[in-house]
Amino acid sequence: MATLDDVRRQFRTPLAEGRPMVRWWWFGPSVERGELERQLRAMAAAGLGGVEVAFVYPMGPVEAPFGSDEFLELVGYAARTAGELGLRFDVTLGSGWSFGGGHIGPEHAARGLSWDRREIGAEAYDVPVVAAWPGDEVVAAFVGEGSAGVPASYVEVAVSNGMIRVPAGHGPREVLIASSRLTGQNVKRAAAGAEGPVLDHYSAAAAAEHIRCVAEPLLLAATPELLGSVFCDSLEVYQADWTPRLFDEFVRRHGYELRPRLYELLVDAAESAQVRIDFRRTLSELYEENFVAVFQRWAEGHGVPFRIQSYGEPPATMSSYRFADLFEGEGWGWTRLPETRWASSAANLYGRSVVSAEVWTWVHSPSFRATPLDLKGEAHEHFLSGVNQLIGHGWPYSPSSAPGIGWIFYASGALDDRNPWWPVAGDLFGYLHRLSWLLQQGTPVRPVKVYVPAAEAYADGSLNLYRTARRLIGDEIPRTIRESGLDFDLVDDDALELVDPGQLDLGLVVVPEGSTLAGGVAVGELAERLAEVPGPRVSPRDDIGVVHRRLDDGDIYFLANTGNQARTFHFDIPDATTSFEQWDAATGKTSLHRRSPDGISLTLHPYEATILVPTDDAAPDLTIEKVTRATIRASWQVTFDNSPSSVELPHRWRTIPDGRRTQGQRRTRPSSSCRSSIPRRGSCSTSAPANPRRPTPRRISLRTLTARRSTLRSASPRRSGSTTYPAAPSGPRRTAWTSPMPPYPAATHSASPSTTRPPTRSPPTPTSFPSSSR
């Protein structure tokens, strides 16, 4: 681990590790060299760390279909250009999601069980086996005495020579016929030339075929030396619960035959719950061994890490991540159980210091409405869930000649240089870079473990183990733990068996209601038991999240206000230090403050975050500065069609003075008396006009307003070095701000500071970020 001096020294200018990356959508694929280079240079200039290339559906004519020689040459060119610019270059091992395509035939395509349930009489039947769909295969047939739905047990009947032979009985009976059927699912959002069935994720042969036809050509085109990782997106292989070798694999793993009891997947019997658990557990293991491990070994053979979002369908367990090199999640909600917690728990338990997340998938939909504040607010939520590498979703490749605003992905995130706030993108990404890098140092302190009731989830019947486990655990457990100031990891049966007990730290294990795991803390006694666990405490705890990381010789605390109201609170940590350092991720500066006997009192404004480091004495190389605060007490003016008028703030922008809706150009500026009172560093107690791009009016701060002042006043292109960037989108919604731009401020506090900081202004409420289902 690193020492506090090492981390402090590098905090101002951290290493490249941790810079935010973006998913780079190539539509078509329809890309050309000049535009690839221009966009990569724009990313590098803004402080992004790299790209994850995703090949998706066409937006125009396609001249180089997916997999063609011309397409692969463009992949190689982009990889080489990114390397020259110091950008990481990752490649998705396929088009759209999930893996598959035209190279996948029926023998390698995803399959599921299909049941035919029918009542018959007492006479014998010879039923011809007729495939309702191409590829259908009967795997077992059963008959039970009694009318439909009545039989308590069934016996297997013979299937031979194309006939299901049902013997005579004694009265009404029910016949069950189980068939293996191709799911028919095709690759979602596929590029031209990549269309076709989704592959069987339980079959090593199917994985090998995809590697041969798709993954290997992509990797070699980019060249292994230039790749940061190869990537598998989230698992969305629906209703796929069969593979041709399942009977053999089941008996090998569980010691009894599945075929005679297959009907228990459909019909409740005395021990059907255990059959269902063993069945879906077998699917999880086949996914791990024949999909994740196959891709990881292949990538490792080329010296490239394999990164995966391992949740969804097939029923990936939390510990399934261990078969990959790099773990990734998505979804936010620091007091709940998003996919990011699934990934970050696995990373901590299995020794991965970096865990990434797909972020901003649906941020402030539709596209181009998200502001830097929206992006920061969601990023903080991911940090609070254990993530320390952001992969923004995303950057849509768009040719400069595209009509209108250009090409955008159907999900809302469009985080490229067409945004009016792009000139301050470097500040935003620099801020997130420092936080990501910092949260990669040391080890996370998570003294509580929450048991994942996998057996109960398997018995429930869903193939999405993560989603079922999240429902069984519920919201109360994670919320109670996080609002207490403590943090937690999920832990499942594999982790309990495989991870060294010393690393697991099983001091407090919470067991969800209804779980069969013996021992542990029940939900009803959780709050009382949490109070006995040493750790940071927040009071009052509304909206304040904490991440605690431990270095060789010290501790680091990341605190974030996740709400839309300013919060003043008391922060207490169980040590005897006399001072604390406050680190500003926006500037890299640190300041030293005396700690009062009662602890630390802080104020964090909406969606603001800070870093605290307890210490006993003044550390070297601290920047201690004194800043004078000044409040602007003056009116503002707004100009519509060159007609200025006074505005009292806060103000809702619904109509302009003549009664028309607010459209067209607007120029807003403080009055002369207000402008003359603005110091170089200070605070403004008024709110600036709302973003005219938003139809729903909201209060907006000077800080957010000034971040948008970058929209160009003319259509002339902006330049950075030798690279030409297109002008901001023109049209009736274009905006030009003329107010001053203060720096990102740090949190205020009242702990006998030797240095004071200006308080932040109250920013607007970011739109709630919906789940990332696609």
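Me: Is glutamate 174 buried or exposed, and what is its relative accessible area?
Reply: First, a caveat: this is a predicted model, where local features need pLDDT of at least 70, side-chain atom pairs count only at pLDDT 80 or more, and totals for chains, interfaces and linings use all residues. Residues are numbered from 1 along each chain as its sequence is written, and side-chain values use heavy atoms, with hydrogens and water left out. Buried means under 20% relative accessible area, exposed over 50%, and partly exposed in between (1.4 Å probe, protein chains only). Glutamate 174 is buried, at 2%.

Me: Which residue forms a salt bridge with glutamate 174?
Reply: A salt bridge here puts a side-chain nitrogen of Lys or Arg within 4 Å of a carboxyl oxygen of Asp or Glu. For glutamate 174, the closest N and O atoms of the pair are 2.8 Å apart, and the partner is arginine 117.

Me: What does the salt bridge between aspartate 90 and arginine 307 tie together?
Reply: Their closest N and O atoms are 3.0 Å apart.

Me: What is the mean pLDDT of the protein chain?
Reply: pLDDT is the predictor's confidence in each residue, from 0 to 100. In this chain 81% of residues reach 70 or more, and the mean is 84.
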